Amino acid sequence: MSDAPIRRAAIIGTGVIGASWATCFLARGLDVTASDPAPNAEAVLRATIARQWPAMEAMGLAPGASTERLRFCSTPEGAVEAAEFVQESGPERLALKREVFAALDAAAPPDAILATSSSTITVSEFQDACARHPERVVLGHPFNPPHLIPLVEVAGGTATSAETVERALGFYRMMRKHPIHLRREVRGHVANRLQAALWQEAFHLVQAGVASVADIDAAIAHGPGLRWALLGPFLNLHLSGGPGGIGGLLEKPLWQATEGMWRDLGQLSVDPALGAQVAEGVAVQLAGRDEAEMLRQRDALLLDLLTWKAGAGELP
């Protein structure tokens with residue numbers, strides 16, 4: 001596998017995630033070839049990139065970055081024939097993943113890395129469909145939207161080489177991402193499992209009548225969510241522990257109370273009644289508000305936060 005910098009990338013699947021990846025790669029000066037079977041996919045992709053490009057300009061473009069370096073191809077095989085890095089972002093269906101990766105493995109150059117954006121399917125479940133080079137298949141799971149959010153979760157499958165993992169980590173760093181290395185595969189990876197735990201308790205609190213949907217959203221958005229945007233769970237615990245830090249905190253009765261809450265957390269499935277209750281609560285919050293404008297404001301504030309974090313070297 002070559003150590004040369006990656007200059008040509010392919011995007012397979014240009015929905016919400018794939019289009020965002022295309023914007024990211026173009027902004028870092030790559031040549032990008034994309035493919036998606038959906039009707040009018042190319043027009044939608046180019047419109048999405050144009051809409052996202054001002055944020056990339058605000059963050060700073062790499063030399064030579066241009067939306068003109070995008071090429072659309074009618075087939076995934078054609079899209080990857082000269083690629084050095086492939087980012088697959090297709091539907092979350094195992095049978096389809098196996099079919100797609102078999103085709104990508106047959107068509108891509110031997111040195112090309114094949115990465116998947118899969119949210120829940122692990123690499124080991126489909127990389128054996130790659131008859132030529134299963135060792136070059138790796139997880140590269142982003143957090144939405146990938147053109148803004150730095151996190152990428154990288155993991156190998158049972159047949160993935162250590163060299164592939166290291167090269168993927170280096171590539172995502174070159175894309176100005178913050179990749180983390182999962183040392184073993186787990187369904188949902190890390191970030192999705194953490195937020196799934198939060199969602200479970202949020203739904204439980206609604207079901208139990210503890211608080212409204214709006215107040216539960218407010219509890220995060222105006223409380224711990226503010227700190228979580230700056231530091232992760234362990235560093236936040238450490239800073240809450242006083243002079244003894246996290247070590248002292250874990251020895252205190254307060255931590256016993258925390259474990260008591262663990263035992264009291266809700267275990268549930270969202271039935272139609274609870275789903276309707278939550279949907280109604282969301283509708284109440286959205287009443288009279290423009291969702292498109294909310295999304296624009298969210299991304300604008302996110303861009304401001306990312307710009308600030310980039311200049312605050314003392315924070316991880």
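# A guided tour of the predicted model

Begin by selecting helix α13, which gives the most to the lining of the second largest pocket, with 7 residues. Keep in mind throughout that this is a predicted model.

**Stop 1: the second largest pocket**

Colour the lining by class and it divides into 11 nonpolar, 7 polar and 4 charged residues.

**Stop 2: the largest nonpolar core**

Next select Phe 25, Val 154, Phe 171 and Tyr 172. They are the residues with the most contacts inside the largest nonpolar core, which has 37 residues. The elements that give two or more residues to this core include the strands β1 (8–12), β2 (31–35), β5 (113–116) and β7 (151–156), and also the helices α1, α2, α5 (162–174) and α13. Which element gives the most to this core? It is α1, with 7 residues.

Zoom in on Phe 25. Beyond the residues up to four places away in sequence, Phe 25 touches Ala 9, Ile 11, Leu 30, Val 32, Gln 87, Phe 171 and Met 175. A second, separate core has 21 residues; to locate it, select Cys 73, Ala 83, Ala 108 and Ala 112, which are among its members.

**Stop 3: the cavity**

How many cavities of 30 Å³ or more does a search of the whole structure find? The search finds 1. The largest cavity has a volume of about 40 Å³. To show its lining, select Thr 122, Val 123, Leu 139, Ala 155, Gly 156, Leu 182, Glu 185, Val 186 and His 189. By class, that lining has 5 nonpolar, 3 polar and 1 charged residues.

**Stop 4**

Go to the loop between β6 (137–142) and β7, where Pro 145 lies. The peptide bond from Asn 144 to Pro 145 is cis, with omega near 0°.

Then move to Asn 40, in the loop between β2 and α2. Phi of Asn 40 is near 65°, a positive value in a residue other than glycine. Is Asn 40 buried or exposed? Asn 40 counts as exposed because its relative accessibility is 56%, and the limit is over 50%.

Now select Arg 176, placed in the loop between α5 and β8 (178–181). Phi of Arg 176 is near 65°, a positive value for a residue that is not glycine. Arg 176 has a relative accessible area of 47% and is therefore partly exposed.

**Stop 5: Asn 236**

Select helix α9 (residues 233–240), and within it Asn 236. Asn 236 is buried because its relative accessible area is 8%, and buried means under 20%. A polar atom of the side chain of Asn 236 lies 2.8 Å from the backbone oxygen of Leu 231. Leaving out residues up to four places away in sequence, Asn 236 touches Arg 227, Trp 228 and Leu 231.

**Stop 6**

Helix α3 (residues 76–80) holds Gly 78. At 12% relative accessibility, Gly 78 counts as buried. Show Arg 71 and Cys 73 as well: Gly 78 is in contact with both, its neighbours within four places in sequence being left aside. Cys 73 is also one of the residues of the second, separate core. Draw a distance from Gly 78 to Leu 148: these residues are 70 apart in sequence and 28 Å apart in space, C-alpha to C-alpha.

The tour ends in helix α4 (residues 94–107), where Leu 96 lies. Leu 96 counts as partly exposed, at 23% relative accessibility. A line between the C-alpha atoms of Leu 96 and Ala 191 spans 24 Å, for two residues 95 apart along the chain.

Technical notes
Residues are numbered from 1 along each chain as its sequence is written. This is a predicted model: local features need pLDDT of at least 70, side-chain atom pairs count only at pLDDT 80 or more; totals for chains, interfaces and linings use all residues. Side-chain values use heavy atoms; hydrogens and water are left out. Helices (H or I, at least four residues) and strands (E, at least two) are DSSP runs, numbered from the N terminus. Ala, Val, Leu, Ile, Met, Phe, Trp, Tyr, Cys and Pro count as nonpolar, Asp, Glu, Lys and Arg as charged, and the others, Gly among them, as polar. Buried means under 20% relative accessible area, exposed over 50%, partly exposed in between (1.4 Å probe, protein chains only). A polar contact is a pair of N or O atoms within 3.5 Å; within protein, one must be able to donate a hydrogen and the other to accept it, and residues adjacent in sequence count only if both atoms are side-chain atoms. Contact means heavy atoms within 4.5 Å. A nonpolar core is a set of buried Ala, Val, Leu, Ile, Met, Phe, Trp, Tyr and Cys residues joined through side-chain atoms within 4.5 Å. On a 1 Å grid over the protein atoms alone, a cavity is a set of points where a 1.4 Å probe fits but cannot get out, and a pocket is an open set with protein on both sides within 12 Å along at least five of seven lines; lining residues have an atom within 4 Å of a point. Grid points are joined across faces, edges and corners, and a volume is the space filled by probe spheres set on the points.
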